[in-house]
Amino acid sequence: MSAPVVGTDVPRVDGLEKVTGAAKYTADLKFPRLLHVAVVRSPHPHARVLDVKTEKAARMPGVRALASGRDFPLHTGIYLKDQTVFATDRVRFVGDPVAAVAAETPELAAEAAAQVHVEYEPLPPIFDVEEGFAEGAPLVHPDLGSYEVVPWIRPKAGTNVCNHLKIRKGDYAAALKGSWKVFENVFRVPQVQHVPMEPHVSVARVDLAGKVEVHSSAQSPFTVRHLLAHCFGLPHGDVRVHVPYVGGGFGGKAGINLEPIAVALAMRCRGRWVRLMVDRHEEFFATVVRQGLTATLVTGVDRHGKVQAQKMHYLWNCGGYGGYGVNIVRSAGYTCGGAYEFPNVEGDSIGVYTNRPVGSAYRGFGMQEIHWALEQQMDRVAVELGIDPAEFRLKNCLGAGKSTVTGQVLDEHAGRVDLCIRNVAKAIGFDADRERTPYRGKGIACAVKAPAMPNDAASSVIMKFAEDATLEILISGIDYGQGLMTVVAQFASEALDLPVEKIRVKGCPDTDLSPYDWQTVASRQTWATGNAVFRAASEIRGKLCATAAEALDVPAEELTLREGCVVHEATGRSLPFERLVMGYQFPDGHAIGGPVAAASSYLPEGLLFLDPETSQSAKPVAKWTFGAQAVEISVDPETGQVTVEKVAACYDVGKVVNPALIKGQTYGGIVQGLGTGTMEELVVDTKTGRATNASLMDYKIPSTEDVPAEMVVDFVETAQKDGPMGARGIGEHTMIPTPAAIANALWDACGVRISEMPVTAEKVWRALKAKERAERGEGVAGEAPVPAGTIA
Amino acid sequence: MKKTITLEVNGVAESAEVEVGQTLLRFLRDGLDLTGTKEGCNEGECGSCMVLLDGRPVNSCLVLAVEADGRTVTTVEGLSKEGVLHPLQKAFLSQAAVQCGFCTPGMVVSAAALLRENPTPTEDDVRKALAGNLCRCTGYKQIVDAVRDAAAAMRAGAEAGSDAGKPAEREEVPA
């Protein structure tokens, strides 16, 4: 066996293409006589569509296809089919597609789209989640009861609730009564946008034989194919989806997005390629955003600082459609207690339709939002009780033998959040008796997440050899930066003792040729595709050894693989892969074996549905990844500006596969968390329903100048029992605790708390002023109300 | 209205008839198929489309193709020469400074402009120079490290009496 490959800094296998400019993304592909799409979008947040007149637009020069709701009435959506390709009878957010035009140039398409006349009857809109949840609220989806839905999502017909997951564990009411002290707080998270550097783009053609072909910037080629086939009533075999390199997704390109609009138009101009590319402005409100959250938490503790009763009421602002968002609601439900053991729980996670932009998956899938609430709540309770916040967390956190909110008892293979807490507390200098500097503070927060996916979500790989024994690995997991292609090469290299240079991972899938994969989401690829890689490698090894055994006339079980050769240790004889991969030829000319290839898959085993009433389940998810972050901040008392000086992060990842790449994931997650935690919010005007900051000028994301001066990252390696070499997911977790850690540090720095994300300079300044007034005896301390108009 | 422009792109003389309203970004991508230069916002905010115009970094979405008439343009494709990488490209690989890769061409081009002006940038200098290049994946740390690494490599190359930027000193790109 050569030196280990897993655990080393193997350079990205897709790096060379990316640094040279060779890597092709969807918009880089050239298509003959490409048509360009402009979408007619609703200017109303909520309205009836009375009529769509396209005749004038259709007659305009260069227009080749037009489509609207009446042409394509079928519903789509990954879990809840609540959306049509174009709005039919009703629009539900500003930007809701009503019709689309394909024309010879983008300019002609835009001119024609402007001539599509839509007659609307405005309806009362809902923007606030509590308003939408209230009895008698105007209904966003009056037909909710008739939509097709997977059995484990529970929409409530006649309301705006698109899913409701209840957790009932122990006896919450009794435990609350018996509590020594009780704390209740409300926390809020606004809608934010993913802001991938590459905006969404999809290209489609329907050929004269009726076969649909799509190239798309997407995280889920097979889900796109599956939903397109459903939506247009086609056999899956007649739909082909290609995904080239993807310029960031963060969940925003999961499921299905622009593809149905491009296909609908392509059906109207068979043989022509049609491209729909949203611009940065549309990207902010017309693709998808992260759901908003209002969280109400009640915590009852005993005299020993142990939480006995915990109530969590999560109201999710899902926006106009919930096809994907309903599963965030579910995931936040069965993870509602975060990284803690709560013996008595009343948890409700409720998704509510409103007339805001559509909420969907976003890195962390609900977890950053609920941790914003939970981790501040734990901090407040610790401070009130006079217990060190790190100690309080250690006292209450999950670990082996402890039970989650669903009653799942963790075993010794689950991650160690306690070690992560101790690690970051030490790295940031979080000692109870530390020296204090005014307006400088430290905060800590934990994180946990499981892959939120159907129980049968599978991944598969195909391995085959080229004539020179280069191993080619086909996957359909998307490497949109997280490093999947490199990790797959490392695993295969390790399993077959073949140098990484002899491996080519084919990471841009084509559903006609590539193996099935459910989706690239949920931090599941290293684990799921990784497991499939080891299974396929084992099959490859078996085939190589069988042929070599016959060739060398030795028992197959005595053979090993070493540096690209099959070796018989006892005799010292060996055969290079090159002489085996296309079949072995004996000196007399006769040949055996044949081209060596293998296909294998991985499907998580033993997952059980949640009880419909209590959500108790012994194994609701495949795995948990735990971690913690601690931050040190400084606050400018004059402006309220918070500067994050240092961040320490630690996660129990089971196995570090590639230190350089996992550090990159962590730095990236921290900075993205710093963005949502301190600067990002998609502001929707509550008069018009329009997003008022839909540009990179007005919606700021972190730049080089916002990055903390110091980021320290570390990892714990408690092997995941069913993980490849013990590895578990990490991609999303890195941004979960950052905002809460910053908010907790703010309290430590200057004694104010901000319960509504993000922690902006304005909010901090107002809170400091309110605190000053309170100290002078002029009012109540704490958070100042946010001025009207700032937050919709 | 169309106009004929003549310019040098990555060392090659090009002549083309362009619409006067066409951006340099669109000309490079559609006219010359130099798709390494990316469109991220089309309003000069993200830096994904950065190229060098007469050696100075510009967002090519904010420059008209006709403005490049008679001038020289360098895109990411012009940084490597006949399969030999620029020290910045090497450093981006060795420092794991690339994730999705969409911002990478603009970053590398922007950094090349910095190193031309300032061969010994501090961490702060690098942060300031790249503040107009947005990246959503990396958290920037490994990018800043890579630029400083490349600067050191280029200085070392220059001290050794050769220009590290010269093809002979560059690493071969596998065919």
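Where in chain A is the place of Tyr439(A)? Tyr439(A) sits in the loop between α12 (417–428) and β20 (440–449). Keep in mind that this is a predicted model.

Start with the backbone at that spot. Phi of Tyr439(A) is near 65°. That is a positive value, in a residue other than glycine.

Look at the peptide bond from Met757(A) to Pro758(A). It is cis, with omega near -5°.

Next, turn to strand β11 of chain A, residues 201–206. The strand is mostly covered, with 6 of its 6 residues buried. Which way do its residues point? Val201(A), Val203(A) and Arg205(A) point one way from β11(A). Ser202(A), Ala204(A) and Val206(A) point the other way. In a regular strand, side chains alternate between the two faces of the sheet.

Two strands pair with β11(A). One is β14 (residues 274–277) of chain A, antiparallel to β11(A) over 4 bridges. The other is β12 (residues 212–216) of chain A, also antiparallel, joined to β11(A) by 5 bridges. Ala204(A) stands opposite Val274(A) in β14(A). Ala204(A) also stands opposite Val214(A) in β12(A). Follow the chain from β11(A) into β12(A), and you trace a hairpin with 5 residues between the strands. In the turn, Gly210(A) has a positive phi of about 95°.

Finally, step back to see where chain A meets chain B. How many residues of chain A are in contact with chain B? There are 42, and they touch 41 residues of chain B. On the chain A side, α1 (15–20) and α15 (659–678) each supply at least two residues. The largest share of that side comes from α15(A), with 8 residues. Sorted by class, the side of chain A that touches chain B has 22 nonpolar, 12 polar and 8 charged residues.

How values were computed:
Residues are numbered from 1 along each chain as its sequence is written. Chains are lettered from A and ligands numbered from 1 in the order in which they are written. This is a predicted model: local features need pLDDT of at least 70, side-chain atom pairs count only at pLDDT 80 or more; totals for chains, interfaces and linings use all residues. A residue is buried if 20 or more other C-beta atoms lie within 10 Å of its own, exposed if 12 or fewer, and partly exposed in between; C-beta atoms are placed from the backbone. Two strands pair if DSSP finds at least two bridges between them. Two residues are in contact if their C-beta atoms, placed from the backbone, lie within 7 Å. Ala, Val, Leu, Ile, Met, Phe, Trp, Tyr, Cys and Pro count as nonpolar, Asp, Glu, Lys and Arg as charged, and the others, Gly among them, as polar.
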